[in-house]
Amino acid sequence: MRVPDRYGYGSGMPSGHCAQRADLSDRPARSPRAFARVWPWAVACILFVVGEVALRAYWIAGGRWAYTACDRTDLVDPADGCGADQVEALPFWSGWAAVGVGVALAMLVVCAVRFPGRSAAAGSWVAAALLLLVAFPLHLLFEVPAALAGRPSDWRDLGARLALVAGAVLFTGLANACGPRRGPVAAGYQPVPRWTRHWAYVSVALPVIGWALPHGLWVLGVPVGISPRQLDDIHQGLSTPTGVAITLVPPLAGLLVLGLVQRWGQQFPRWVPGLHGRPVPRLLAVIPAGVVALALLTYGALSVTVFVRQLLTGDLQWSDVWEEWAVAATLLVFLGWGVSLGVTTTGYALATRPRPKRATNATSRSERGRP
């Protein structure tokens, strides 16, 4: 049986295959151009997975290079991995579980190459989100400046987290490459909604008022919102350069959110050599902002949960909360910062989203059968 197509001609396809053709309509055509779009990201993702699996297999075999046994709250000897060479039994999640996750990621990459479409893109997005969740980039936001300022740090842990962030970026690129093609991005500057601007200003103000201001006072020796004993512990555990770095880096980094509501977040400024006037790649703004928003939300939610649990179990008294109210307020600052940044990123993504091409009048008439 021949089935008439949209123009009235027989397609020669059995009627039972119509549903199958409809199901495959969301997949990009496996043309050489589509393959060229996917394979660079796929190769990069495979190299990342192979490197991670090889390192875990090396640990399982007894090696301890790049392995760390440090507790982030008690760095005994971070330069030596806190005695990593003395660890005999490798934790399950650092060994075989990580190898299993690597195998699953490799299978996902193969599926993205052979069967691109919405399902492969969704799986790649999930993989990127899980890698970011494990990497916990908010930890890097504070620890890397402190380490560069001279504070003893566990560089093995920081390197592993940076590698996971890089893997998340690679799987994000794979998700964008193997997904269905969308319409072109509108040329020129696209104004963002007014509510997006309001949330952006909140996102800039929170780290300044809720983080930089109290930490700056603590560095200067003013016990605002904390006990004198805790202030002494801060001065003993942090040098002045480290304290200044921890105080200034978050609010300075938070200023970048203004790019989500200003023209320079969609078009490179004139002072950028070779790129002035060109459109900023949409994902170059959306992915980093989304990653930081997710990290802030995760950290804030987990911290508030632990805080409430300690109050309910009696491990923390209300008198201690009132005495050190700035510490408790900082938890809400992270949560609000993550929400405001996430909403601002959503507004930017909606304003710059690709729009489908509008059919011309001639095309519309031809489809209706008019001359």
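Modeller: Helix α10 (residues 282-313) packs against helix α12 (residues 325-351) at an angle of about 150 degrees, with the axes 8 Å apart. Axes here are lines fitted to C-alpha atoms, for helices over the stretch in contact, and angles run from 0 to 180 degrees between N-to-C directions. The two helices, α10 and α12, are therefore roughly antiparallel to each other. On the angle scale, under 35 degrees counts as roughly parallel, over 145 as roughly antiparallel, 65 to 115 as roughly perpendicular and the rest as oblique. The crossing of α10 and α12 is left-handed. Left-handed means that the near helix is turned anticlockwise from the far one by less than a right angle; right-handed means clockwise. Helices (H or I, at least four residues) and strands (E, at least two) are DSSP runs, numbered from the N terminus.

The model is predicted: local features need pLDDT of at least 70, side-chain atom pairs count only at pLDDT 80 or more, and totals for chains, interfaces and linings use all residues. Residues are numbered from 1 along each chain as its sequence is written, and side-chain values use heavy atoms, with hydrogens and water left out.

Stay with α10 for a moment. Tyr299 sits in this helix, α10. Tyr299 is partly exposed, at a relative accessible area of 30%. The cut-offs are under 20% relative accessible area for buried, over 50% for exposed, and partly exposed in between (1.4 Å probe, protein chains only). Tyr299 and Phe334 are 35 residues apart in sequence, yet their C-alpha atoms are 7.2 Å apart in space. Together with Trp211, Tyr299 and Phe334 form one aromatic cluster.

Helix α7 (residues 194-219) and α9 pack at an angle of about 170 degrees, and their axes are 9 Å apart. So α7 and α9 are also roughly antiparallel to each other. On the α7 side, the contact is made by Val204, Pro207, Val208, Trp211, Ala212, His215, Gly216 and Val219. On the α9 side, the residues are Gly243, Ile246, Thr247, Pro250, Pro251 and Gly254. Contact means heavy atoms within 4.5 Å. Take Thr247, which lies in helix α9 (residues 240-254). Thr247 counts as buried, at 6% relative accessibility. Leaving aside neighbours within four places in sequence, Thr247 is in contact with Trp211, Ala212, His215, Gly216 and Val219.

Now a third pair. The axes of helix α4 (residues 118-135) and helix α6 (residues 155-178) come within 8 Å and cross at roughly 165 degrees. Here α4 and α6 are therefore roughly antiparallel to each other. The crossing of α4 and α6 is left-handed. From α4, the contact residues include Ala120, Ala121, Ser124, Trp125 and Leu131. From α6, they include Leu164, Val165, Phe171, Leu174 and Cys178.

Cys178 raises the matter of disulfides. The structure holds 0 of them, a disulfide being a pair of cysteine sulfur atoms within 2.5 Å. The sulfur of Cys178 is 9.4 Å from the closest cysteine sulfur, in Cys45, which is too far for a bond. Cys178 is buried, with a relative accessible area of 0%. Cys45 is buried at 0% relative accessibility.

Back to the rings. A search of the whole structure finds 3 aromatic pairs. In one of them, Phe92 and Trp93 have ring centres 5.5 Å apart and planes at 75 degrees, so the pair is edge-to-face. Rings of Phe, Tyr and Trp (its six-membered ring) pair if their centres lie within 6.5 Å; planes under 30 degrees apart count as stacked, over 60 as edge-to-face and the rest as tilted. Phe92 counts as exposed, at 53% relative accessibility. Trp93 also counts as exposed, at 70%.

A loop residue comes next. Leu90 lies in the loop between α2 (32-60) and α3 (96-114). Leu90 and Ile60 are 30 residues apart along the chain, with their C-alpha atoms separated by 6.7 Å. Not counting residues up to four places away in sequence, Leu90 touches Trp59, Ile60, Arg64, Tyr67 and Gly95.

Last, the chain as a whole. The secondary structure comes to 13 helices and 0 strands. Of the 371 residues, 38% count as buried. Among contacts between residues at least 6 apart in sequence, 73% join residues at least 24 apart.
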